[in-house]
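Visitor: I am new here. Please take me through one part of this structure in detail, the place where the ligand sits.

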Amino acid sequence: MNRIVTLDEFIIRRQKDFPFASGELTGLLRDIGVAAKIVNREVNKAGLVNILGVADSQNTSGDSVQKLDLYANEILIDCLKNSGECCGIASEENEDFISIPAVETKTSKYVVVFDPLDGSSNIDVNVSVGTIFGIYRRKSDEGGPCELGDFLQSGTALVAAGYVLYGTSTMLVYTTGRGVNGFTLDPSIGEFLLSHRDIQIPKRGNYYSVNQGYYLKFDVEMRRYIDHCSDLNLRLRYIGSMVSDVHRILFQGGIFLYPNTRKYPNGKLRLVYECNPLSYIVEQAGGKSISCQLERIMEVPVEDLHQRVTIAIGSPEMVDEMKHFVHRYSPALSNGN
Ligand code: AHG
Ligand code: MN
Ligand code: MN
């Protein structure tokens, strides 16, 4: 039998990889692990309790909000607040960032960003949802409260990122910039156990993932690239929860696309809460992530907490191929080849 390694044990072991680590980042990752277990418990029993249905509110991006989103949001905020391991939080569900006062004498140098529940329209029909998070080192002075600028950092400044997928089994996948590792929750003992060491995304894959219902709303170069995927007989898979769609691609290879449409001229997905953290993970696993206008996602300047961006993310050779289609067919970028 393989030796069992729990998430906590793994995180602590990895702390030694960072010579000046104070244990704060370790503490933060553990807090997120605890929050994930609580959210998991609620997601699992969502069909049993009266927690389903659309709440009477919209999130700041204008999408309808499910009650479980709010619950997951509160849990994450509470877990992070109480431990005092971070000085600020920005969530997809809150218009503004939340500043966390120092707990006792502890000052913190990190801020956390998250999408508490991604794919929430899937909850009512028992399809996978997830939590996505990113951790940045603050830019403001450690003595005072955090500032907006602490959150408006490009993806290249991420110190850690991860996601939790509440699927047929619950998995936590994270990176601190030294590869990507995956942990599966064993519900019988309530621990995340190391199940996928040093995840590498396949160079190519048989899957493409895009909301093909919007095909006619996409720019010509995206339509040509999607035609190409279909010509290659790639399998179309679209769950409608980015974290689940990207999870499949991380393990099996392929490409996930969310281009601009008429309704979402800058794309629908959020740079801070969804695209940057998932891009960090995919790049760490050997993949690529660019916008449909070909900027590396992690280098896109962050000007607004709720900024949206287009995205093409996944197997490196497939992202390169999509890039080629943009060069070839985009009226804006066409080089005539
Ligand atoms: P959220 O549930 O956090 O609002 O995110 C939903 C997002 C993303 O997970 C998914 O890929 C996308 O919305 C689906 O959008 P469409 O229904 O427009 O395809
Ligand atoms: Mn989301
Ligand atoms: Mn969400």
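Guide: A residue is near a molecule or strand if one of its heavy atoms lies within 4 Å of it. Around ligand 1 there are 18 residues, and Asp118, Gly119, Tyr214, Tyr238 and Tyr258 come nearest.

A word on the basis. This is a predicted model, where local features need pLDDT of at least 70, side-chain atom pairs count only at pLDDT 80 or more, and totals for chains, interfaces and linings use all residues. Residues are numbered from 1 along each chain as its sequence is written, chains are lettered from A and ligands numbered from 1 in the order in which they are written, and side-chain values use heavy atoms, with hydrogens and water left out.

Now the shell itself. Its residues divide into seven nonpolar, five polar and six charged. Here Ala, Val, Leu, Ile, Met, Phe, Trp, Tyr, Cys and Pro count as nonpolar, Asp, Glu, Lys and Arg as charged, and the others, Gly among them, as polar. Domain 1 (7-196) and domain 2 (207-329) both give residues to this shell, so ligand 1 lies between them. The domain bounds come from an automatic or database domain assignment.

Next, the backbone. A polar backbone atom of Ser120 is 2.9 Å from an oxygen atom of ligand 1. For Met242, a backbone N or O atom lies 2.8 Å from an oxygen atom of the ligand. Leu117 has a polar backbone atom 3.3 Å from a ligand oxygen. Such a polar contact is a pair of N or O atoms within 3.5 Å. Ligand 1 taken alone exposes 470 Å², and the protein buries 87% of that. Areas come from the Shrake-Rupley method with a 1.4 Å probe.

Strand S5 (110-118) and strand S13 (254-258) each supply at least two residues of the shell. S5 gives the most, with three residues. Strands are DSSP runs (E, at least two residues), numbered from the N terminus.

Stay with S5. Nine of its nine residues are buried, so S5 is largely enclosed by the rest of the structure. Buried means under 20% relative accessible area (1.4 Å probe, protein chains only). Strand S3 (residues 88-91) runs parallel to S5, joined by four bridges. Strand S6 (residues 129-137) runs antiparallel to S5, joined by seven bridges. Two strands pair if DSSP finds at least two bridges between them. Phe114 of S5 is the bridge partner of Ser91. Phe114 also has a bridge partner in S6, Phe133.

Technical notes: A polar contact is a pair of N or O atoms within 3.5 Å; within protein, one must be able to donate a hydrogen and the other to accept it, and residues adjacent in sequence count only if both atoms are side-chain atoms. Buried means under 20% relative accessible area, exposed over 50%, partly exposed in between (1.4 Å probe, protein chains only).
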